[in-house]
Amino acid sequence: MWSECLRIIEQIVEPQPFKTWFTPVRPVSLVDSTLTVEVPSDFFREYLESAYLDVIKMTMKRVLGAGARLVYMLRPVQNQPAMNVPGQDVVTPTNKPVQFSAYMPSGITNPFVIPGVHKLKIDPRLNPIYNFDNLIQGECNKMGITAGVNISAAPGKTPFNPLFIFGGPGLGKTHLAQAIGISIKQKFPDQVVLYVTGNEFKTQYMDAVAVHNKLTDFLGYYMKMDVLIVDDIQDLMGQGCQNAFFNVFNCLHQNGKQLVFTSDRAPVDLQNFEERLLSRFKWGLSVQLTYPDFQTRLQMLRSRAFREGVSVPDEVLEYLASNIRTNFRELEGALISLIAYSTVHPGKNQIELARQIIEKVVGEEKKDISIDKVQKTVCEYFNITRDDILSKSRKRQIVQARQIAMYLSRNLISNCSLSTIGAEIGGKDHATVLHACTTVADLMSTDKTFRKYVSDIEQIISPARH
């Protein structure tokens, strides 16, 4: 039956793609109208379905009839047993219906779904892949994971309430926050858990204000949560929105409900936030996720390769881990690219492929960047001296150069505090550096010439980012 399917598909698909994507597929069994085939990896399966789903459906229906069904089996990794897809023990978390009395029955009270007359079915909005089992622990996130495990064992009853997770992009903040929610749902199925981004909360608040008398329903909805996870809380802008969130925070915290927040910066560095809200962010535990070390990066690559159902030589994984040092997201992107290239070019040396990926996709290995290097580059670009930038001069060119140096130092240098930047650029305090970063960001969004200045200097300092 599979041979007949291949005969038909070969007449539709070009010879090279057919050889690459269909020849490696092996038939395993046929039960009634269900055909099971073995594929090299989960990535291989995903590509087949994304690129050739219509062709496969049409062919299966033609050969096996209207009830045709295709099941994939992933080829075993070394001595590991085969995995069936979807045969993984992953369950998408769900919440029990919640009793909710709307103040205006005709309106929509749930920001995500339309409620019934008396009950709300609230989607936790948790991705089952983001669990603790798939989260690699290292020194970079050990404290966060430990706190998360403790919280999931007793939500709302630990000193870690709220838990404030902060760090740069790609370091696993969203993964950790969702893993806490998933673990809580596994241990306490009756707990009502909700994951939402700061921007979504803000948008829902604006919609609630725009509809007459819906703000009360909006607040009442969020106050029904047992666990509230807010991702990228730095996007929670606007006095009215922050005031609404302040009331939700107080209600949940006073009633022993668990709060988990993520942000790209520490509470002290959050801009345009009410002081009373910032003080509440500091009530519990603030945890910073830092850049992963080599062993953590290597373990993450091994874990992801296993999940994809592929075998990658250790020397190749070690090469990737040695050359990509910034975050987990870049590591995963490089690995997926390597799998894709290896599938299309099966005979090519994988180390050579990895080298090409790092050069073209991720960028060349980043050289160490220091505040001194940033200052020197800025001074050379604007043709001023280092003494000028460290002085108290208020000349426009000097002030802008100084502010750009502060902005780039914060964005290009790993684990560099605002206080450190200020101390090395004219002895400024952390508030001055924060103001400089805000000013540069605002000017970049409105002034094309200024944006080009910053982009040019950044490219000189770190060509790999471009």
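Helices (H or I, at least four residues) and strands (E, at least two) are DSSP runs, numbered from the N terminus. This is a predicted model: local features need pLDDT of at least 70, side-chain atom pairs count only at pLDDT 80 or more, and totals for chains, interfaces and linings use all residues. Residues are numbered from 1 along each chain as its sequence is written, and side-chain values use heavy atoms, with hydrogens and water left out.

**Exercise 1. Describe the protein chain as a whole.**

Step 1. Take the secondary structure: 19 helices and 11 strands.

Step 2. Take burial. Buried means under 20% relative accessible area, exposed over 50%, partly exposed in between (1.4 Å probe, protein chains only). Of 466 residues, 47% count as buried.

Step 3. Take contacts (heavy atoms within 4.5 Å). Among those between residues at least 6 apart in sequence, 71% join residues at least 24 apart.

**Exercise 2. Explain what two of the salt bridges connect.**

Step 1. Apply the criterion: a side-chain nitrogen of Lys or Arg within 4 Å of a carboxyl oxygen of Asp or Glu. The whole structure holds 10 salt bridges.

Step 2. Take Asp226 and Lys257, whose side chains meet at 2.9 Å, N to O. Asp226 lies in the loop between helix H7 (215-222) and strand S9 (227-231), and Lys257 in the loop between helix H8 (239-254) and strand S10 (258-263), so the pair ties together parts 31 residues apart in sequence. Asp226 counts as buried at 12% relative accessibility. Lys257 is partly exposed at 24%.

Step 3. Take Arg304 and Glu332, with their closest N and O atoms 2.8 Å apart. Arg304 lies in helix H10 (residues 294-308) and Glu332 in helix H12, so this pair ties together parts 28 residues apart in sequence. Arg304 is buried at 16%. Glu332 is partly exposed at 25%.
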